[in-house]
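Dear colleague,

Please find the structure below, together with its sequence. My notes on the findings follow it.

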Amino acid sequence: MLNRRRFLTISAAAVALPRRAAASPHVWTGAAMGARATIRITHPDAVAITTRAATEIDRLEGVFSLYRPDSALARLNAAGRLDAPPFELLECLTLAGSVHVASGGLFDPTVQRLWETWAEAAIAGRRPTQSEIEAALALTGWSRVRVDTGAVVIEPGMALTLNGIAQGYVADRVAALLEAEGLFDVLIDTGELRALGGRPGGGVWPVRLAQGGEVGLQGRALATSAPLGTTFDPEGRCGHILDPRTGQPEPSAWRAVSVTAPQAALADALSTALCLTKVKAEADAVCDHFADVTIESLLPA
C-alpha cells in the first residue's frame, strides 16, 4: 500500500534534570500512525515517562488514523458525521481551516478521495482517467465541511485526511506531555521536529536539512515536505501532494520545502501547502498570515 509519509519516529533525547543524576538511556520502540515509532529518553524515570508518552501516542492515533476503523477520523469518513468530536480533532481541523484560508485553498484536508483515486490507479499500474479525477473532485472542497463543538459534518461520499498536519500535531502533544513531566532540552521527531528548549548544556539543536544546510532549533518546530517524496508512478514524476483545484500532482517549483514555526502542526501544514506555490513571493504571502513563521528553505526543482 502506498504511504504518503516517510516514517514516524518520536525521539526525546538527552533529557536532564537539575540536581538529579540521569539514568542510562532508555529506548521504547513500537508503532504509531501506521509506522515505526521510537522514544529515547535519558532520565531516572524514563520507563514510566515513555510508557505515558506511548499511551498518549496511541490515544492520538485513535483520533487521527485513517487505518484504524475505530478512530474518530475513520468514523467521520464512514458516516459523514461525528457527534461530540474529541478536542484534538477540533483543534487540528481548526488549524487546518486557517492554513486553508491563508494558502488560498492549496491546503485542503478533503483531498482524501483524490488521493485514493491516484493510489488505486497506481496499484493497478496506470494513471486515473479524467472522469475518475472529476468524480473525486466532486467530493473535494473545504467549504463543504462543518466544524463545531457539537459535531463535525462532511457531505455524503467525502472523506478527510490529516496526514499533512497530524504528525506535527502529535509532536506538539508529546512535547506538552514531556513538558508537564518537568522535562526540558528535548528534541522530538515525528517526521516533523519539535524542540523543547535547546541542547543539554546549552545551545541550539543543530538539524541538517536533507536538501542541504542546517537549522538551529530552540523552542521551535521544523517541518519539511518533498513533493516527490512519495510518488504514484514508477518514473517518480507524479508526486503525492495533489492540487485540490485540479486533482493533479502538478509539477512543483520546489524539490523540498522547510518551514519553522512555534508549533509543529503549523509548520507541517505550511510546508505541505507551500509545495503547491509557484514562486517565493507566493510562499511568503502564505506564511505572512501567521506569527513567527520562517521559510528556512525552498529548494528549486
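A nonpolar core is here a set of buried Ala, Val, Leu, Ile, Met, Phe, Trp, Tyr and Cys residues joined through side-chain atoms within 4.5 Å, where buried means under 20% relative accessible area with a 1.4 Å probe, protein chains only. The model is predicted: local features need pLDDT of at least 70, side-chain atom pairs count only at pLDDT 80 or more, and totals for chains, interfaces and linings use all residues. Residues are numbered from 1 along each chain as its sequence is written, and side-chain values use heavy atoms, without hydrogens and water.

The largest nonpolar core has 66 residues, of which Phe64, Leu178 and Leu270 touch the most other members. Another core, apart from it, holds 11 residues, including Trp118, Ala136, Phe232 and Leu242.

Helix 6 (residues 166-180) packs against helix 7 (residues 264-274) at an angle of about 165°, and their axes lie 7 Å apart. Helices are DSSP runs of H or I, at least four residues, numbered from the N terminus; axes are lines fitted to C-alpha atoms over the stretch in contact, and angles run from 0 to 180 degrees between N-to-C directions. Helix 6 is therefore roughly antiparallel to helix 7, a term for angles over 145 degrees.

Histidine 100 is located in helix 3 (residues 87-102). Histidine 100 counts as buried because its relative accessibility is 16%. Beyond its neighbours within four places in sequence, histidine 100 is in contact (heavy atoms within 4.5 Å) with Gly105, Phe107, Asp108 and Trp142.

Yours sincerely

Key: Buried < 20%, exposed > 50% of the residue type's maximum accessible area, 1.4 Å probe, protein only. Helix = DSSP H or I, 4+ residues; strand = E, 2+ residues; numbered from the N terminus. Parallel < 35°, antiparallel > 145°, perpendicular 65-115°, else oblique.
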